[in-house]
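Let's take a tour through a protein model and look at how its pieces pack together. Here it is:

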Amino acid sequence: MTVDQLNQFLLEFSVILLVAVVAVRISTRSGLPSLLIYLGIGVALGQNGLGISFNNAELTQVLGYAALVVILAEGGLKTSWKAIRPVMPAATVLATVGVAVSVFVTAAGAHLLVGLDWRSSMLLGAIVSSTDAAAVFSVLRMVPLPERLTGLLEAESGFNDAPVVILVVAFATAGPLDPWYMLVGTIIAELAIGAAVGYAVGRIGAYGVKHVALPSSGLYPIAVLALVVLAYAGGALLHGSGFLAVYIASVVLGNSKLPHGPAVRGFADGLAWIGQIGMFVVLGLLVTPETMRSAIVPALVVGAVLVFVARPASVLVTMTPFRLPWREQALLSWAGLRGAVPIVLATIPLVADVPRAQELFNVVFILVVVFTLLQGPTLPLVAKRLRIGEGSIGQDLGIESAPLEKLHGHLLSVSLAAGSRISGVEVGELRLPKGAAVTLVVRDGSSFVPERATVLRAGDELLVVTTEEVGEAAERRLRAVDKGGKLAGWLRGRQADG
């Protein structure tokens, strides 16, 4: 690449990014999933649009894997362990046994209704049975659901990529398939290795980041990014699941109260957006619209089987033993959102020169576009009709901690969510421990220094400065008031004050 070519590339790339950023605003207002807009940008830039010729499936697969690493890392860093811990057994079963049920039912539908041979049917079933982490994370943050369901959906989308990738690679390999018990053993072994690598990297990395004083706050996000990529690469090179490793490492790091946590999450959020934009645009470029007409009917048939039969069956089989109410099972069935992951996985048969691979890719692409357009915007309506999440949603109190090393203290950034019981409480009634004080309140875009009689409101952002000794105690007190109101722990507080 020459300097002139670099200049041209940077110009085009910056314009695409700006258009994509504006598209996020449009999608937020319209309810249209942003991934569809990004795919549309890619198609518009392709051969039938502005004429950019791109047909490199192998490069698309590599870029897609890299983007998925960043997207899973961002989701893991923002996932609350408190929210997903109670649903971990259910999420694990749904992401493994549920995937198996979904693959088989979808494959049966593809074989009986579309006429695909069994191997192609199983390959197609495996490709489309993974829910997409980016789609789930983005939609669920706008839909008010109970914490249990949100945690279950987020954990499932983070976990189920791993077994699905293993199945797709197995079905796309030339030659006879291994016996089912060997395939199951391989999946279990790769998941175990990935989980172990991810947990080890997360724990060791969190200890190192918290105890090594870096000279610049900008180095902390880079260190965390290096750790999650290390988890992926280490897991993959050890013949484990790199995707599971990166997600578990990110969850561990994200729940370890790292220094400069907001900067770390903000950096990961920006990278995830770039990853999503780049991945969807490249996938759109790979599409040749005139070759897709013959795939429309098969895509609609297989998609209907997947959404209305396979997904509900997988939820019913796996969630009934956990006594999940039927209304929550219904919502869980509808919230199995697809996105970029199935399209990226559909490039694996293309790279491996599997028979009918292009046909499978076209079916997957149309299926994802149509059913994402159907499920994403209607999820809030479905939740409302099922009367799930009405009037609930009390989100956890958002507290970010940054160390003030030279001052031997901590700066807590506190966000009061809607439904927080701190709303209506005076600053003095927080009864923070000695050595902690609310120094600034940001309300409706304006900031001011509060007095003891200042009444706090939902939506306020607080800056709380504490000494090193009482930092954790101040955070515990804030969370207690958030859940129980100003009288939370009153007797114990009075005794401590005395």
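Start with helix H6: its buried residues pack against helix H5 (88-114), helix H9 (161-172), helix H14 (296-319), helix H16 (340-345), H17 and H18. Here "contact" means heavy atoms within 4.5 Å, and "buried" means under 20% relative accessible area, with exposed over 50% and partly exposed in between (1.4 Å probe, protein chains only). H6 covers residues 118-128, and nine of its eleven residues are buried, so this helix is largely enclosed by the rest of the structure. Among the buried ones are Ser120, Met122, Leu124 and Val128.

Before going on, a word about where this comes from. This is a predicted model, in which local features need pLDDT of at least 70 and side-chain atom pairs count only at pLDDT 80 or more, while totals for chains, interfaces and linings use all residues. Residues are numbered from 1 along each chain as its sequence is written, and side-chain values use heavy atoms, leaving out hydrogens and water.

Now the overall picture. The protein has 20 helices and five strands; these are DSSP runs (helices H or I, at least four residues; strands E, at least two), numbered from the N terminus. Of its 498 residues, 49% are buried. Take the contacts between residues at least 6 apart in sequence: 78% of them join residues at least 24 apart.

What about the nonpolar cores? A nonpolar core is a set of buried Ala, Val, Leu, Ile, Met, Phe, Trp, Tyr and Cys residues joined through side-chain atoms within 4.5 Å. The largest one has 125 residues, and Leu124 and Leu332 touch the most other members. Helix H18 (residues 357-385) gives this core its largest share, twelve residues. Apart from it lies another core of 18 residues, including Leu416 and Val470. Back to Leu332: leaving out residues up to four places away in sequence, its contacts include Leu94, Leu149, Arg311 and Met319.

Axes are lines fitted to C-alpha atoms, for helices over the stretch in contact, and angles run from 0 to 180 degrees between N-to-C directions.

| Helix pair | Axis distance | Angle |
|---|---|---|
| H15 (residues 326-334) and H18 | within 10 Å | roughly 165 degrees |
| H2 (residues 34-45) and H13 (residues 261-286) | 7 Å | about 45 degrees |

Angles under 35 degrees count as roughly parallel, over 145 as roughly antiparallel, 65 to 115 as roughly perpendicular and the rest as oblique. H15 and H18 are therefore roughly antiparallel, and H2 and H13 are therefore oblique to each other.

Who does the touching? In H15, Leu331, Ser333 and Trp334 meet residues of H18, among them Leu374, Thr378 and Val382. That contact of H15 with H18 divides into six nonpolar, three polar and no charged residues. For this count, Ala, Val, Leu, Ile, Met, Phe, Trp, Tyr, Cys and Pro are nonpolar, Asp, Glu, Lys and Arg are charged, and the others, Gly among them, are polar. The contact of H2 with H13 divides into twelve nonpolar, four polar and no charged.

Finally, meet two single residues. Thr347 is found in helix H17 (residues 347-351) and is buried, with a relative accessible area of 0%. Not counting residues up to four places away in sequence, Thr347 touches Ala57, Thr60, Gln61, Leu286 and Phe361. Ile84, in helix H4 (residues 81-84), counts as buried at 1% relative accessibility. Ile84 and Leu153 are 69 residues apart in sequence and 9.1 Å apart in space, C-alpha to C-alpha.
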